[in-house]
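Hello,

Here is the structure I promised to pass on to you. Have a look at it first, and my notes follow just below.

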Amino acid sequence: MSSLRLIFWETTKSCNLQCPHCRAQAKSRRSPEELTTEEARRFIKQAAAFSQAILVFSGGEPLLRNDLYELAQYANQAGLKPTLATNATLITEKVARRLKASQVKIVAVSIYGSDHCAHDKFCGQPGAFEKTLEGIENIKKAGLTLQINTTITKINLCQLEKMADFALKLGASAYHVFFLVPTGRGRYLDGDKISAQEYEQALNRLYDLELNLPLRIKATCAPHYYRILYQRSNSNAATKGCLAGQGVCFISYKGEVFGCGYLPITAGDLRKQNFKEIWLESELFNVLRDAAKLEGKCGPCEFKNVCGGCRARAYAATSNYLAEEPDCVYQPLTVRS
């Protein structure tokens, strides 16, 4: 049985920002199709019945749901670990205190540049950087653990090291780097997508950063980082690259279950099925858990159990989620010979 470790829940598609790379293609208004409070409590109870997973309240902007605090507290009481993914622009001192009282464990804040020009340009709203920094100060005052998230494209690739230093300066305990997957609004940012060679260079830069900074650094949507980790340290990480449908799943705002938020193939529907049933019995998830089914150069790759390739990026490029990772320069030994 694959252990469920991390659940991303798209609590709402509504957001107060309109970032051009947004996976959710967030809207200014909330959708009537969102899971209700009772439906959300039911799915949380079902998840807690067979796991002690981290539950990420994501969006859109999850703080636009007025039942967020109630649901975070309910998740904690049920045995899950509630965390929040936010742009932090709405986090006043009062909001931060309520999050703390609701037993939110970590607040992950999205920042896209180390100054207001870079950040505001990336997220498409002047003044957003200052509001985010105010929110971060309130997070720290409330005694909440801060994590910084960054989505990397050609626009801010040069700021990788600056962003890590900035995350450290802000008092973050972790820096998570998300590499753009062309889904949602990201489909229209072809000119901002980095090349396979740039991926390789960026992931080696991240490895160097992790060696030299007192900061936990994680590459997301870049499973080949774990191949680089193995090659450079000659040791396996505690996790592997692509965990879609293996240790991770994504719940949409209306209860659809996916392997991750970037792979648009449904594994089930919480309004029709029990969550445990979907997790254990979904055909999609069981295929994703079988590395022997990988195709292209990922199939014979000696690192497929360490990396696995990004299934969402493969799907976006070929409409086949088992195809080879399109943004990996590595040639498996058997392919070379």
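In this predicted model, the charged end of arginine 41 sits over the ring of tyrosine 74, with 4.1 Å to the ring centre. Arginine 289 does likewise with tryptophan 279: its charged end sits over that ring, 4.5 Å from the centre.

Tryptophan 279 also forms an aromatic pair with phenylalanine 285, edge-to-face, at 5.4 Å centre to centre and 65° between the planes. Tryptophan 279 and phenylalanine 285 are both buried.

How many aromatic pairs are there? The count comes to eleven. Take tryptophan 9 and phenylalanine 43: their ring centres are 5.6 Å apart and their planes stand at 75°, over the 60 degrees needed, so this pair is edge-to-face. Because tryptophan 9 belongs to strand E1 (residues 6-10) and phenylalanine 43 to helix H1 (residues 37-48), the pair ties together parts 34 residues apart in sequence. Tryptophan 9 and phenylalanine 43 are both buried. Ring pairs also link these two with Phe50, Phe57 and Phe275 into a cluster.

Then there is helix H3 (residues 93-101), where Val95, Ala96 and Leu99 are the buried residues. They lie on the same side of H3, because the arc they cover around the axis is only 100°. An α-helix has 3.6 residues a turn, so residues three or four places apart point the same way. Among the elements covering the buried residues of H3 are helix H2 (68-78), strand E3 (81-86) and helix H5 (128-141). Just after H3, glutamine 103 has a positive phi of about 70°.

Best wishes

How values were computed. Residues numbered from 1 in each chain as written. Predicted model: local features only at pLDDT ≥ 70, side-chain atom pairs only at ≥ 80, totals over all residues. Heavy atoms only, no water. Phe/Tyr/Trp six-rings, centres within 6.5 Å; stacked < 30°, edge-to-face > 60°. Helix = DSSP H or I, 4+ residues; strand = E, 2+ residues; numbered from the N terminus. Buried < 20%, exposed > 50% of the residue type's maximum accessible area, 1.4 Å probe, protein only. Lys NZ or Arg CZ within 6 Å of the ring centre and 35° of its normal. Arc of directions from axis to C-beta. Contact = heavy atoms within 4.5 Å.
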